[in-house]
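Subject: Model for your files

Hello,

Here is the structure I said I would pass on, with my notes below it.

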Amino acid sequence: MHDVMLALVWLIDLLVIAIRILGGRTKVNPVVRLALWLIVLCGFAAVIAAIGAGLVLLDHHLTTLN
């Protein structure tokens, strides 16, 4: 249980660092900031695609019930 909590603290720390970089509060190379924004946008697109695929699969499943 201790290892899980330590991993969560580590992930929260990384999230805070990323948010500070994206918000401009931490000075980094602009290429790093751009890459981080691209990662965030790709992650958002992946979540939207997963939701869409889930809805299509749900629709196919529900149509086969009749």
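Helix α1 is followed by Gly24, whose phi is positive, near 90°. Helices here are DSSP runs of H or I with at least four residues, strands are runs of E with at least two, and both are numbered from the N terminus.

Please note that this is a predicted model, in which local features need pLDDT of at least 70 and side-chain atom pairs count only at pLDDT 80 or more, while totals for chains, interfaces and linings use all residues. Residues are numbered from 1 along each chain as its sequence is written, and side-chain values use heavy atoms, with hydrogens and water left out.

Overall form. The protein has two helices and zero strands. The C-alpha trace spans about 60 × 35 × 15 Å along its principal axes.

Surface. Of the 66 residues, 5% count as buried, meaning under 20% relative accessible area, with exposed over 50% and partly exposed in between (1.4 Å probe, protein chains only).

Helix α1. The 22 residues of α1 should span 32 Å at 1.5 Å a residue, and its end C-alpha atoms are 32 Å apart, which agrees; the expected span is 1.5 Å times one less than the number of residues. Val4 lies in this helix, which covers residues 2-23, and Val4 counts as partly exposed because its relative accessibility is 48%.

Leu22 is also in α1, but it counts as buried because its relative accessibility is 19%. Beyond its neighbours within four places in sequence, Leu22 is in contact (heavy atoms within 4.5 Å) with Arg33, Leu36, Trp37 and Val40. Leu22 and Leu34 are 12 residues apart in sequence and 8.6 Å apart in space, C-alpha to C-alpha.

Helix α2. Val56 sits in α2, residues 30-64, and is partly exposed, with a relative accessible area of 46%. From Val56 to Leu6 there are 50 residues in sequence and 38 Å in space, C-alpha to C-alpha.

Regards
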